[in-house]
Amino acid sequence: MNNNAMGSAFRGSVLLLYRIFRYIPVLTLIWLSIPILLGALVVTGYSAERQLIDVFMSNHSTPAWGGLLKSAWPFLLLFTGTAVLRSLLNALQNVTDTKLRDQASRSIQSEVHARAAAVPLERLDQPEYYDKLNRAESVAGGDLFGVLQNLITVVRYLCELIGCLTVTTLCHPLLAVILAIAFTVSFAIRLESDLVKRRLNRDLTRSGREADYLSGMLRRSETVRDMRITGSMSYLIAKWGSVMQSSLGLRMNANRREIRRGMIVSTIQIIGIVAAMVWMVLRMKAGGLSAGSFVVVFQAIRQAYGLSGRMAFPVGKVYIQSAKMIDLVQFLKERPASGSELRSNKPVTLPKTGHIGQIKFEHVSYHYPGHDKTILQDIHLTLTPGETVALVGENGAGKSTLVKLLLGLYAPTTGRITWDGVDLQELDPVSLRRAMSAVFQDFVRYETTLRDNVGFGLPEDMISDERIRTAMQSSRTEAIERQPDGLDLRVGLLAEGGRELSGGQWQRLAISRAALRDAQLLVLDEPTSALDPHHETELYHTFRQLAKDRTVLFVSHRLGWARYADHIVVLREGQIVEEGTHMKLMAANGEYAAMFRAQAEWYQEEAGAS
Ligand SMILES: Nc1ncnc2c1ncn2[C@@H]1O[C@H](COP(=O)(O)OP(=O)(O)OP(=O)(O)O)[C@@H](O)[C@H]1O
C-alpha cells in the first residue's frame, strides 16, 4: 500500500466525519469522545493495577488485613471504578453507534436527494454525473453503516494503543519506543497480508464461479447429451480439474505466505517483548522498577500486540472504502453547474389565472453539454395564446429537446425563450411550474396509491378527492378506482397486495396528473404511446377538451391527429423546415405532405386489403 493511498483514505475519513459533524455536532462529538475516554481508561486501569500490585507486594509479609486494606482501598476503588466505567462506556458506544449511523445516513441521503432535485436536468442526463449520483446514493444509503463502523473501530483501537504506549512511557520512554517499533512493523505486515487476502478472495470468487459453471454443465442433462455427441465431456472434466487445481494452488500459496508472515510478526514481537523484559529485570534488580510496573508493562505490550492483529481488518476496510467516501463528499461539495439556474435576482412572477401568455423562441440553439452536435439550430417559433400547435418530424429531429427547453428543464445554449416578453430564466420558477403541465412518452409510474398518482400533479396543494376523481374521468381511469380501497388502492407491485396496471393505464394516470393542473400551457410529448387505438382516440377527444382555455403543444407521430391542430411545425435535423395549417402544408406539398400521405396510404392499403 503506498503513502498516497493511505493519505487519501485518511483524507476521505476526515472529510466524511467533518460532514457528519456539521449535520449532528453533539452526537458526533459524543461518539468520538467515547473511544478517547476508553483509551484514557486503559491508563487509569493499568495505573490502579500497578499500584495495587505494589501495595500487596510491600505488605505480603504482614498478616494484618486492616493495614493492607488501608493502603490499598484508593487503588481498589480506582480499579473497580475503571472497570464499571468501561462497561458503561461500551454500552453507550453501542447506542451512539446505532444512533449516529442512522441519523448520519438519513441526513446524507436527504442531502443527496436534495442535490439530485436541484441539479439542472442537462447535468442529470450526463452519464458521468448520473453514475456519481448513483454511487453517492449507494454509499449514503447502505455502505455508510459499514464505513462508520470501521472508522469508529479504528479510532477506538488507536486510542487503546495510545493508552498502552502511555502506560509504558510512564514506566520508561525507552520501553514505549521498543513497543512502538514492534507494533508498527507487525501492524504493517498484518495490514499488507490482509489486503493480499482480500485480493486473493476476489480472484478465488472469480475462479469459483467458473468452476461452478463447469460443474453445472457436467450435471445438466441437455449439456451432457450435447457433450456426449461431440465427445467433449473429458475435455470439460479436465478443464474443471485445472480450474480447481489453480484455485487450490492460489490458496496454498496464500497459506504459505500467511504462515511466513505470521512467523516474521511473532519473531519481531518476541524480540520486542524479550528486549523489554531483559531491560525491566535489570532495572528491577537495580531497584529502579517495581513489580507492579513490570506486570502492567508486560500486559500493555501484550494488549498492543493483540491490537496490531485486530486493527488490520478495519484499517484495510477503511482503505478500500476511502474511494467511496471521497466520491460521496465530492458529490456533496459539488455546486450545481449553471444551466437552468435563474439569471435574475428579482424573478418575475406570472399571473395565476385569467391570462394566457405568449411564448416565443428567439434564435434558440441548443447542444447537450459535453457533446459537439447542435441539436436545435436558430429556432424561431411563436406559440400564440390559446393555440394548439403540433410538432412533427422524424426520429431524432429534436422534438423532445425543444419540449424540454420550452418547459424550462434545459436552458438554450444561445438565444432565448420568452413568456410575454420575459426570458424564461428570469421568471420565478414556482410560478413558471404552475403555469405549465406536461405528459411525456416516458411517463412516471408512482408505485404508491391512486390518490398520489394523480395528486402528485399538484403536490403543494391540498387536493380534494372530488378533484382527483374529475381528473381521472378526463383520462378515463375512473374504473380503476371502483375497488374497495377507492383512491387508497396501492398500485404497482412494490407493496404487498398492490395492483399492477397495464402500460396504458399507467399512462392514463399520468394524463390525469397533468389534467389536474389548471395550467396555461399544456405540453404533450407522445402522450398516447402506450395506448390501444380505442383509448387513444378517446384521449385525443379529451385533449381537445383540455385545449380549450390554454396553449397546447403536442408532439406526435400520428399525423392524423396533427391535422386538427391550429398550427403545425415540422422539424428536421434541429431546424424548422415548414410551418402552417394542415391545409397550407398539404398545398405546399413538402415534407409534411409527404409524411402525411405515407401514413394515410398505409391505412388506405390496409383498409382496401381487408
Ligand atoms: N441527454 C442527451 N445527451 C446527448 N444527446 C442527446 C440527449 N438526448 C437526446 N440527444 C440527442 O439529441 C437528438 C434529438 O433527440 P430528441 O429526443 O430531441 O429527438 P426527437 O425528435 O424527440 O426523437 P423521437 O421522435 O425519436 O422521440 C438525438 O440525436 C439524440 O441522440
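## Helix H11

In this predicted model, helix H11, which spans residues 399–406, is largely enclosed by the rest of the structure, because 6 of its 8 residues are buried. The buried residues of H11 are Lys399, Thr401, Leu402, Val403, Leu405 and Leu406. Just after H11 comes Gly408, whose phi is positive, at about 75°.

## The ligand and its surroundings

Two of the buried residues of H11, Lys399 and Thr401, return in the surroundings of the ligand, where 15 residues are found and where Gly396, Gly398, Lys399, Ser400 and Thr401 are the closest. Sorted by class, this shell holds 8 polar residues, 4 charged residues and 3 nonpolar residues.

For Lys399, an N or O atom of the side chain is 2.8 Å from a ligand oxygen, and for Ser400 the corresponding distance from a side-chain N or O atom to an oxygen atom of the ligand is 2.9 Å. Asn395 likewise has a polar side-chain atom that lies 3.0 Å from an oxygen atom of the ligand. The ligand taken alone would expose 630 Å², and the protein buries 69% of that area.

## The largest nonpolar core

In soluble globular proteins, nonpolar side chains tend to be buried together. In this model the largest nonpolar core consists of 59 residues, and the residues with the most contacts inside it are Leu16, Ile20, Ile108, Val112, Leu148 and Leu328. The helices that each supply at least two residues of this core are H1 (3–23), H2 (25–59), H3 (65–118), H5 (127–171), H6 (173–219), H8 (233–285), H9 (291–310) and H10 (312–333). Helix H5 gives the most to the core, with 16 residues. The core also draws on two domains, taking at least three residues from domain 1 (3–170 + 289–333) and at least three from domain 2 (189–273).

## Pairs separated along the chain

Gln103 belongs to helix H3 and is partly exposed, because its relative accessible area is 24%, which falls between the limits of 20% for buried and 50% for exposed.

A second pair is formed by Ser242 and Ala211, which are 31 residues apart in sequence and 9.2 Å apart from C-alpha to C-alpha. Ser242 is found in helix H8, and with a relative accessibility of 44% this serine counts as partly exposed.

His363 counts as partly exposed, with a relative accessibility of 46%.

Asp378 is also not a glycine, and its phi is positive at about 45°. Asp378 is located in strand S2, made up of residues 376–383, and the relative accessible area of this aspartate is 43%, so the residue is partly exposed.

Methods: Residues are numbered from 1 along each chain as its sequence is written. This is a predicted model: local features need pLDDT of at least 70, side-chain atom pairs count only at pLDDT 80 or more; totals for chains, interfaces and linings use all residues. Side-chain values use heavy atoms; hydrogens and water are left out. A residue is near a molecule or strand if one of its heavy atoms lies within 4 Å of it. A polar contact is a pair of N or O atoms within 3.5 Å; within protein, one must be able to donate a hydrogen and the other to accept it, and residues adjacent in sequence count only if both atoms are side-chain atoms. Accessible areas come from the Shrake-Rupley method with a 1.4 Å probe; for residues, only the protein chains shown count as cover. Ala, Val, Leu, Ile, Met, Phe, Trp, Tyr, Cys and Pro count as nonpolar, Asp, Glu, Lys and Arg as charged, and the others, Gly among them, as polar. A nonpolar core is a set of buried Ala, Val, Leu, Ile, Met, Phe, Trp, Tyr and Cys residues joined through side-chain atoms within 4.5 Å. Buried means under 20% relative accessible area, exposed over 50%, partly exposed in between (1.4 Å probe, protein chains only). Helices (H or I, at least four residues) and strands (E, at least two) are DSSP runs, numbered from the N terminus. Domain bounds come from an automatic or database domain assignment.
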